[in-house]
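Student: I have a model open and want to go through it with you. Shall we begin?

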Amino acid sequence: MKITNTTTILVFLFSLLGLFTKAQTSNVAPILTATGNQIYCPGTPMKIVTNMTIVDPDDPGVTAIYIQISSGYVSGEDLLTLTGLHPTITSSWDSNTGKLTLSGLFSQPTYAELEAAIEDVEYSNSSFNPSGVRTFSISIGQANYLPSNGHYYQYIPNIGITWSDARLAATTNFYYGIQGYLATITAADEAQLAGEQSPGAGWIGGSDEQQEGVWRWMTGPEAGTAFAFTFWNTGEPNSSGNEDYTHITAPGVGIPGSWNDISNTGEASGDYQPKGYIVEYGGMPGDPIIQISTSTTITIPSITSSTTVDTCNPGVVTLEAMANVPVIYWYTTATGGIPIATGTSFTTPFLNTTTTFFADPFPVGCTTGIRTAVTAFVNTTPVLTTNTTVATCENTPTTLTATTTSGVINWYSSLTSTTPLATGTSFTTPALTQNTTYYIEGNNNRCLSITRIAINVQVNPKPQVIDENLTFCENETLTLNAGINNVTYLWSTSETTSTITISAPGTYSVLVTDLTPQGCSSTKTFTITQNDLPVIDEVVINGTTATIIVSTIGDYEYSIDGESFQTSNVFTVSEGGSYTAVVRGKNNCGYDFRDFAVLTIPSYFTPNGDGFNDVWSIKGMMNYPNAKVSIFNRYGKLIKQLNAVDTTWDGTLNNQLLSSDDYWFTFKRDDSSSEVKGHFSLKR
């Protein structure tokens with residue numbers, strides 16, 4: 001026959017291999033039976049079977065027996081060891097797959113020799129506190145056996161094989177007459193055995209080639225069904241390119257034994273190069289029923305749950321615990337002693353105090369197992385003590401106190417409220433303006449006091465005070481009066497009388513406290529301002545305007561005639577003359593006086609003998625005895641000199657009338673004052 005391509009060559013070879021394997025099925029397969037589902041005591045080795053038989057009517061023995069921890073295996077902790085004397089048997093332990101191989105030392109061992117060896121295989125665990133269930137599959141043939149579904153799994157190395165070729169090649173494999181197919185993974189223990197414990201990376205039978213993103217099993221009895229078991233992937237699959245085929249990842253990539261999607265050919269090298277494929281045997285229609293494998297289990301006991309109980313006051317309580325084994329033993333101590341009861345529930349004797357018991361799932365005599373503490377809390381009902389009536393002052397926070405015989409105290413705003421305002425032996429209220437009731441309740445591990453106790457807070461008013469702003473005169477005193485009777489007084493000056501006399505401005509306060517037991521207090525404040533005695537500094541004359549300037553600060557009134565007073569210190573004087581400036585305090589806080597004179601200089605005069613404005617003079621000049629006035633014509637000739645005695649000019653020079661014209665003058669009040677210059681007109 002002519003072979004045209006690689007696929008045809010593989011099909012041809014696989015067909016020959018299938019014929020050869022099928023030919024072997026005429027040999028009757030042995031039947032393996034093991035007993036010994038047991039409970040493990042940590043820290044001690046245990047035989048994995050209590051009895052082992054192998055029945056084979058046409059063969060005296062077999063090359064090897066494979067014992068694998070097919071579920072629950074913990075690498076680095078679990079170990080299978082061949083013990084005893086078995087001179088014809090050798091053992092080999094593979095920690096990666098959790099598999100112990102028993103084979104002939106010099107020749108093929110007999111079934112009797114293998115049975116004896118299997119009965120001497122011991123399981124041990126190096127952990128101080130192991131957990132879980134270990135299933136041991138005992139099988140003839142190198143395929144891994146999974147007792148939970150009765151299937152076998154075999155990793156076939158083949159570097160670079162495509163998914164399509166692996167799918168076809170898997171169907172040509174038979175295991176004791178059971179047809180193989182590219183493995184389908186549908187359960188956690190199957191993922192661990194077929195994927196995590198496989199010695200290399202390889203193809204499995206899933207694909208989304210029919211619809212991108214919809215992953216289905218394409219092989220075996222699950223062919224056509226969608227994935228329902230996907231938690232063990234590596235973050236894939238993605239929906240890009242032609243990565244349509246499932247592949248158990250290489251060791252060290254992602255979750256151990258997880259799957260990834262790659263193309264039909266995979267990568268040419270590296271972690272994503274196909275290294276082989278996983279064949280699954282079992283579940284196909286027409287598969288023969290064989291018993292070339294058997295299994296036992298060792299259960300490491302553990303308490304899976306327990307319930308503590310709180311009870312109020314002494315009595316009998318029932319504790320509960322659940323375990324992964326049928327029997328639970330109850331003890332009074334964490335180690336040693338003898339069981340006082342068995343079962344998932346335990347009714348204690350009459351308890352007066354909180355007592356801890358211990359649930360133990362391990363067989364009696366196992367001293368290395370860890371017992372679980374289960375406590376019966378016996379709590380007493382709290383009894384509260386407090387003052388039910390408390391008086392306080394308005395707008396003053398008040399601390400309420402209470403005591404309890406046990407537990408804690410919760411403070412509430414009402415008889416039925418569920419959210420405490422505070423917890424503890426004291427509670428500080430906010431500033432209250434009216435009578436208020438609070439409630440307390442004792443809680444001792446959910447044992448509540450019989451009733452809530454009301455605490456009535458009576459709010460007393462404080463003395464009513466009004467602050468004052470007062471003034472007084474310099475060099476005088478002022479009496480401050482607290483204004484309330486039947487109270488005690490404490491002034492900021494340390495005096496304790498109802499009134500005090502002060503002589504200086506400032507802020508004074510008095511704490512007035514009523515005579516009730518609570519001693520409610522209020523503070524009254526006096527703000528004192530001093531009015532200084534007025535002191536005139538000067539009177540500023542500007543033409544006919546006089547401004548009175550004082551050097552002190554106060555609330556003053558002003559006058560220049562001693563009769564009419566005004567709040568303004570500025571006056572307009574109608575004509576020159578002598579005046580008296582007067583300043584007085586509005587609150588009768590003293591007076592001050594200052595004489596001043598106003599000079600009025602006429603701008604013209606008319607010496608025509610009509611008796612009106614016939615002479616020119618500076619009004620008010622008589623108030624300045626040293627004053628001098630010089631009058632000049634437009635050419636600077638001195639015409640006349642005036643003084644305090646001779647105060648007027650009649651418009652003549654040497655008894656001759658001068659003509660109408662403008663004339664100039666200089667005025668000097670005294671030798672120390674500056675000279676004032678001006679001009680006026682003579683009109684005839």
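Student: Are Glu441 and Arg452 buried or exposed?

Tutor: First, the ground rules: this is a predicted model, in which local features need pLDDT of at least 70, side-chain atom pairs count only at pLDDT 80 or more, and totals for chains, interfaces and linings use all residues. Residues are numbered from 1 along each chain as its sequence is written, and side-chain values use heavy atoms, with hydrogens and water left out. Buried means under 20% relative accessible area, exposed over 50%, and partly exposed in between (1.4 Å probe, protein chains only). By that scale, Glu441 and Arg452 are both buried.

Student: At what N to O distance do the side chains of Glu441 and Arg452 meet?

Tutor: A salt bridge needs a side-chain nitrogen of Lys or Arg within 4 Å of a carboxyl oxygen of Asp or Glu. Strands (E, at least two residues) and helices (H or I, at least four) are DSSP runs, numbered from the N terminus. Glu441 sits in strand E35 (residues 436-444) and Arg452 in the loop between strand E36 (447-448) and strand E37 (453-460), so their pair ties together parts 11 residues apart in sequence. The salt bridge of Glu441 and Arg452 has an N to O distance of 3.4 Å.

Student: Which residue forms a salt bridge with Arg371?

Tutor: A search of the whole structure gives 10 salt bridges. In this one, the closest N and O atoms are 3.0 Å apart, and the partner of Arg371 is Asp360. The pair links Arg371, in the loop between strand E27 (355-360) and strand E28 (372-379), with a residue of strand E27, 11 residues apart. Both ends are buried, Arg371 and Asp360.

Student: What is the relative accessible area of Lys640?

Tutor: Lys640 meets Asp646 in a salt bridge at 3.0 Å, N to O. Asp646 is partly exposed at 30%. Lys640 is partly exposed too, with a relative accessible area of 25%.

Student: Which residue's backbone oxygen does the side chain of Gln68 reach?

Tutor: Gln68 belongs to strand E5 (residues 64-71). Gln68 counts as buried because its relative accessibility is 2%. A polar contact is a pair of N or O atoms within 3.5 Å; within protein, one must be able to donate a hydrogen and the other to accept it, and residues adjacent in sequence count only if both atoms are side-chain atoms. At 2.9 Å, the side chain of Gln68 reaches the backbone oxygen of Thr97.

Student: How far apart in space are Cys473 and Cys589, C-alpha to C-alpha?

Tutor: Cys473 lies in strand E38 (residues 468-473) and is buried at 5% relative accessible area. Contact means heavy atoms within 4.5 Å. Beyond neighbours within four places in sequence, Cys473 is in contact with residues including Gln530, Asn587 and Cys589. Cys473 and Cys589 are 116 residues apart in sequence, yet their C-alpha separation is 5.2 Å.

Student: What is the phi of Asn445, roughly?

Tutor: Most residues other than glycine have a negative phi. Asn445 lies in the loop between E35 and E36 and is partly exposed at 42%. Asn445 is not a glycine, yet its phi is positive, about 55°.

Student: Which residue's backbone nitrogen does the side chain of Asn608 reach?

Tutor: Asn608 is in the loop between strand E50 (604-605) and strand E51 (628-632). Asn608 is partly exposed at 46%. Its side chain makes a 3.2 Å contact with the backbone nitrogen of Asp610.
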